[in-house]
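My entries follow the display.

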Amino acid sequence: MTTAAFIGLGVMGYPMAGHLANAGLTVRVWNRTAAKSEQWAREYSGTGCSTIGEAVQDADVILTCVGADRDLKAVYEGEEGILAGAAPGAVLVDHTTASAGIAEYLAEAARNKGMGFIDAPVSGGQQGAENGKLTIMCGGSEADYAKVQPVMAHYARALNLMGPAGSGQKTKMVNQIAIAGLVQGLSEALHFAEQAGLDVARVVDVISKGAAQSWQMENRSGTMIAGEFEHGFAVDWMRKDLGICLEEARKVNASLPVAALVDQFYADVQAMGGKRWDTSSLIQRLRKFR
């Protein structure tokens, strides 16, 4: 696996593709906005391509990181898509957070073309992508995973095969469900401390040494107290992800009352003008509606 094509150079894909180039792989990139591909090629040792077909031709591994299910269909299907342009034997890796259904669909389409497929959504946000410390949850065959694991390791802190196609996406759903509850709980705790007249920073210092400690408390409590919400995963993206979670929950007969409620709280944040705030902005909703 020495030649990689990377499709989608957003805030995540741009640095992820950069890690591959820095590791010495031959990297070709494509982005819907051509200027972004050209910018990436100037910054890294790689090639910006004007078409998907040019990027994926003869590539050993083809990685995608786009917006949602519809974007995946746009780049994978059609005469100019990945499935038409990639060579048999290539392994396709999708880092998009999308539905389990689209992962299963693309895995079957890849098999029919003699290609492998791994759904590999990531957690860790823009900072994790830039620092090469993403958590990656994979679905697919052990053989395909073994081929591409060393490639993904260039930007991963943790990397695991969770089961067959779709399992990576389902594991990412578990991650987002857990985060939603944690952020709301932390928001309520900090809001209560504020309203009770406590020194909130001192409160966090004390309780973070005990059972209340979490990644969110350690990394976001300070900015939440300060009302700063420009530090990561946007509310718009979280609502997209929670929508995927709630849809899958209906399919598997799982009850997600807290996730459904927090999704509506994020809708309130959007209405407040916080579409691009990070997910810790739930506390602003409490401050506004107290």
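**Entry 1: I136**

I looked up the contacts of I136 (heavy atoms within 4.5 Å). Residues up to four places away in sequence aside, I136 touches H95, A120, P121, V122, M152, Y155, A156, A158, L159 and N160. I noted that this is a predicted model, where local features need pLDDT of at least 70, side-chain atom pairs count only at pLDDT 80 or more, and totals for chains, interfaces and linings use all residues. Residues are numbered from 1 along each chain as its sequence is written, and side-chain values use heavy atoms, with hydrogens and water left out.

I placed I136 in strand β8 (residues 134-139); strands are DSSP runs of E, at least two residues, and helices runs of H or I, at least four, numbered from the N terminus. I136 has a relative accessible area of 1%, so I list it as buried (under 20%, with exposed over 50% and partly exposed in between; 1.4 Å probe, protein chains only).

**Entry 2: T96**

I found T96 in the loop between β5 (91-94) and α6 (100-112). T96 counts as buried because its relative accessibility is 1%. Beyond its neighbours within four places in sequence, T96 is in contact with T64, C65, V66, G67, A68, L72, P121 and Q169.

**Entry 3: α1 and α2**

I then checked helix α1 (residues 13-22) against helix α2 (residues 34-43): their axes come within 11 Å and cross at roughly 35°. Axes are lines fitted to C-alpha atoms, for helices over the stretch in contact, with angles from 0 to 180 degrees between N-to-C directions. Y14, A17, G18 and A21 of α1 meet K36, Q39, W40 and E43 of α2.
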